[in-house]
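Thank you all for coming; please have the sequence and the model open beside you while I talk. I will go through a few local features in turn and say, as each term comes up, how it is defined.

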Amino acid sequence: MSEQTQEPGGAAPRRVVVAGAGMAGVQTAAALRERGFAGEVTLIGAEPHQPYDRPPLSKAVLLGTAESSAFDVDFEELGIELRLGCEVTGLRPGDHELDTEAGPVPYDVLVIATGAEPLRLPGAEGVPGVHLLRTLDDAERLRPVLAGRHDIVVVGAGWIGAEFATAAREAGCAVTVVEAEERPLAGVLPAEVAAPMTAWYAEAGVTLRTHARVASVEPGAVLLDDGTRLPAGAVVVGIGARPATAWLAGSGIALGTHGEVVADAHLATSLPDVYAVGDCASFPSARYGERLLVHHWDNALQGPRTVAANIVGGPEEREAYDPVPYFWSEQFGRFVQYAGHHADADRTVWRGDPAGPAWSVCWLRGGRLVALLAVGRPRDLAQGRRLIESGAALDPERVADPARPLKSATV
């Protein structure tokens with residue numbers, strides 16, 4: 001570690017550089033000030049816009065009910081230097097320098113918060129009318145498409161695909177969602193949990209085509225591998241995202257199987273004086289006994305607090321990061337929430353009728369709640385999240401009674 005990092009009370013000024021001006025980057029910079037960090041803080045963002053929140057892009061910004069979703073942060077008052085429209089291009093840890101389009105930036109401590117980037121549909125690059133939905137510019141390009149009530153084809157029935165389809169139907173567009181797997185959210189939720197969600201598409205007037213692969217995209221149409229030709233005034237691709245870490249090639253930093261930065265329990269990386277947080281980093285979870293890569297808003301909100309604490313505090317005060325993952329999605333008139341990690345659950349317990357408007361699914365391991373999905377039952381989610389955190393033993397029969405508060409199922 002650098003001498004300046006080891007001796008935060010020393011005479012030499014310390015400079016923290018945060019690469020990435022999304023939620024994780026902004027929250028890291030703000031948390032440093034909240035923790036009393038008095039050195040220089042530089043926040044570097046690739047986009048020219050004032051840093052903004054992403055969830056409203058698929059809702060209010062897309063539908064034109066809000067012009068932007070800029071963070072309510074007074075960077076000048078906090079003494080945070082903003083460098084916007086400046087893309088990071090490389091890292092030279094031996095020199096303690098971050099390379100950017102505008103030249104090298106020295107750091108004493110670097111925080112990598114470059115997030116994730118959407119996967120692109122092979123063969124669709126450069127075809128007119130093909131869109132992604134990740135940035136403010138993406139949303140602004142799509143807004144007139146929705147206003148014009150074009151026929152829209154959405155590729156991918158994941159969370160973002162469902163949210164965009166919801167907004168497009170609200171705008172009066174005809175929407176077809178194309179999914180290569182046999183159901184929505186394949187690979188994210190078990191088949192029996194995702195199955196009830198299939199009906200939501202038809203109820204909303206959305207055509208869902210499963211087992212359907214895109215063969216090619218041409219102006220005005222999507223061609224499927226079974227020969228079907230779907231008219232498309234616009235095509236929106238929502239087939240997943242990957243950590244935005246290509247710029248770290250050659251830096252020597254350890255990357256995981258998905259290209260993410262491998263962070264330790266304190267969100268420190270394999271390089272000295274370098275941390276990583278948010279969508280671009282995985283971390284080891286003692287709670288779940290495995291490494292987690294979480295591409296959700298709450299992780300980008302919570303992780304920066306740990307990073308800031310570990311930068312400001314001494315070695316003996318280092319904090320571990322082991323949250324209960326959480327996310328939500330608003331789709332087809334339903335509020336869907338998820339907390340935890342269900343991969344190694346040994347029992348699934350339903351609360352309520354999945355054909356109805358409100359129900360939950362609880363995943364147990366050894367009689368303890370490890371994850372919960374709630375549809376229209378926010379109280380279940382709030383109580384379940386606390387039960388996961390506490391590790392309390394539960395009575396499955398009481399868990400299954402939707403008339404009982406979930407917290408009453410403890411034994």
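Leaving aside residues up to four places away in sequence, Leu84 touches Ala21, Gly45, Glu47, Pro48, His49, Gln50 and Pro51, where contact means heavy atoms within 4.5 Å. Leu84 lies in the loop between strand 3 (80-83) and strand 4 (88-92), and here helices (H or I, at least four residues) and strands (E, at least two) are DSSP runs, numbered from the N terminus. With a relative accessible area of 28%, Leu84 is partly exposed; on this scale buried means under 20% relative accessible area, exposed means over 50%, and partly exposed is in between, using a 1.4 Å probe and protein chains only. The C-alpha atoms of Leu84 and Arg120, which are 36 residues apart along the chain, are separated by 25 Å.

Before I continue, a word on where these values come from. This is a predicted model, in which local features need pLDDT of at least 70 and side-chain atom pairs count only at pLDDT 80 or more, while totals for chains, interfaces and linings use all residues. Residues are numbered from 1 along each chain as its sequence is written, and side-chain values use heavy atoms, with hydrogens and water left out.

The twelve residues of helix 5 (residues 136-147) should span 16 Å at 1.5 Å a residue, and the end C-alpha atoms are 17 Å apart, which agrees; the expected span is 1.5 Å times one less than the number of residues in the helix. Its buried residues are Leu136, Asp138, Ala139, Leu142, Arg143, Val145 and Leu146, and what covers them includes helix 3 (60-63), strand 9 (130-131), strand 10 (152-155), helix 6 and strand 16 (234-237). Just after helix 5, Arg149 takes a positive phi of about 50 degrees.

For helix 9 (residues 378-390), the 13 residues should span 18 Å at 1.5 Å a residue, and the end C-alpha atoms lie 19 Å apart, which agrees. Within helix 9, Asp380, Leu381, Gln383, Gly384, Leu387 and Ile388 are buried, and the elements covering the buried residues include strand 22 (326-331), strand 23 (334-340), strand 24 (347-351), strand 25 (359-365) and strand 26 (368-375). Just after helix 9, Gly391 takes a positive phi of about 70 degrees.

Positive phi also turns up at residues in loops. His211 has a positive phi of about 55 degrees although it is not a glycine, and its place is in the loop between strand 12 (207-209) and strand 13 (214-218). Asp273, again not a glycine, has a positive phi of about 65 degrees and is found in the loop between strand 18 (261-262) and strand 19 (274-276). Are these two residues buried or exposed? His211 is exposed, with a relative accessible area of 58%, whereas Asp273 is buried, with a relative accessible area of 5%.

Next, the aromatic rings. Rings of Phe, Tyr and Trp (its six-membered ring) pair if their centres lie within 6.5 Å, and planes under 30 degrees apart count as stacked, over 60 as edge-to-face and the rest as tilted. By this rule the count comes to eight aromatic pairs. One of them is the edge-to-face pair of Trp159 and Phe327, at 4.8 Å centre to centre with 65 degrees between the planes. This pair links distant parts of the chain, since Trp159 is in helix 6 (residues 159-170) and Phe327 in strand 22, 168 residues apart. Trp159 is buried at a relative accessible area of 14%, and Phe327 counts as buried at 9%. Phe327 and Tyr338 form a stacked pair, at 5.4 Å centre to centre with 25 degrees between the planes. Phe327 lies in strand 22 and Tyr338 in strand 23, so this pair ties together parts that are eleven residues apart in sequence. Tyr338 is buried as well, with a relative accessible area of 7%. Trp159, Phe327, Tyr338 and Trp363 form one aromatic cluster.
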